[in-house]
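Subject: Structure handover and notes

Dear colleague,

I am passing on the structure we spoke about, together with my notes on it. Please have it open while you read.

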Amino acid sequence: MRWLLAAAFGCALRACWIRPARADVQRYALVIGNAVGAAGEARLQYAESDARKLLEVLQALGDFAPENTVLLLGRGAADVQRALIALNARIRAESAGPRSSALFLYYSGHADARALHLGAE
């Protein structure tokens, strides 16, 4: 009886929560990983590998086309800013028509309430 209940619950959970990505939304992602923080902050062991792995999941399961994703590892504030501006311009240029656009931004690294800590920047 327990296995039947578990199987029924599992099927219900999949039906309610796991849904295919909608094709009418153009998905973009900027994924940033930086292990180096500001002066005095310890180097993070998994920040960059976590960013890389998350990007792989977005592309494999989240309907994020590789050409619509940007991965920045160990880069400074100027590179992050340039990537955001370029991605924003591309989204604006491609957003004409019936398709919606969604931008996913992920950061793994040091930060505080005011800023991301991208090395010395």
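The notes below go from the overall layout to the cores, and then to a few individual residues.

Please keep in mind throughout that this is a predicted model. The protein holds 3 helices and 5 strands, and along the sequence these elements follow the pattern α-β-α-β-α-β-β-β. Of its 121 residues, 26% are buried, and the protein exposes about 8300 Å², with carbon and sulfur atoms supplying 61% of that area. Among the contacts between residues at least 6 apart in sequence, 72% join residues that are at least 24 apart.

The largest nonpolar core has 9 residues, namely Tyr28, Leu30, Ile32, Leu72, Val80, Ala83, Leu87, Ile91 and Leu118. Strand 1 and helix 3 (77-94) each supply at least two residues of this core, and helix 3 gives the largest share, with 4 residues. Leu30, a member of the largest core, is in contact, once its neighbours within four places in sequence are left aside, with Val70, Leu72, Val80, Ala83, Leu84, Leu87, Leu103, Phe104, Leu105 and Tyr106.

Phe104 also takes part in the 1 aromatic pair that the structure holds. The ring centres of Phe64 and Phe104 are 6.2 Å apart and their planes stand at 65°, so the pair counts as edge-to-face. The two partners come from distant parts of the chain, 40 residues apart, with Phe64 in the loop between helix 2 and strand 2 (69-73) and Phe104 in strand 3 (residues 100-108). Phe64 is buried, because its relative accessibility is 10% and the limit for buried is under 20%, whereas Phe104, at 31%, counts as partly exposed.

The loop that carries Phe64 holds two further residues that I would like to point out. Asp63 is placed in this loop between helix 2 and strand 2, and its phi is near 65°, a positive value in a residue other than glycine. Most residues other than glycine have a negative phi. Asp63 is partly exposed, with a relative accessible area of 40%. Asn68 lies in the loop between helix 2 and strand 2 as well, but Asn68 counts as buried, at 2% relative accessibility. The side chain of Asn68 reaches the backbone oxygen of Arg27 at 3.5 Å, and, apart from neighbours within four places in sequence, Asn68 is in contact with Gln26, Arg27, Tyr28, Ala29 and Arg90.

Asn34 itself sits in the loop between strand 1 (25-33) and helix 2 (47-61), where Asn34 is buried, with a relative accessible area of 3%. Leaving aside neighbours within four places in sequence, the contacts of Asn34 include Leu44, Ala47, Glu48, Gly74, Arg75, Ser108, Gly109, His110, Leu118 and Gly119. Among these, Leu118 is also a member of the largest nonpolar core.

With best wishes

Key:
Residues numbered from 1 in each chain as written. Predicted model: local features only at pLDDT ≥ 70, side-chain atom pairs only at ≥ 80, totals over all residues. Heavy atoms only, no water. Buried < 20%, exposed > 50% of the residue type's maximum accessible area, 1.4 Å probe, protein only. Contact = heavy atoms within 4.5 Å. Phe/Tyr/Trp six-rings, centres within 6.5 Å; stacked < 30°, edge-to-face > 60°. Core = buried A, V, L, I, M, F, W, Y, C linked by side-chain atoms within 4.5 Å. Areas by Shrake-Rupley, 256 points an atom, 1.4 Å probe, with all protein chains shown as cover. Polar contact = N/O pair within 3.5 Å; in protein donor to acceptor, adjacent residues only side chain to side chain.
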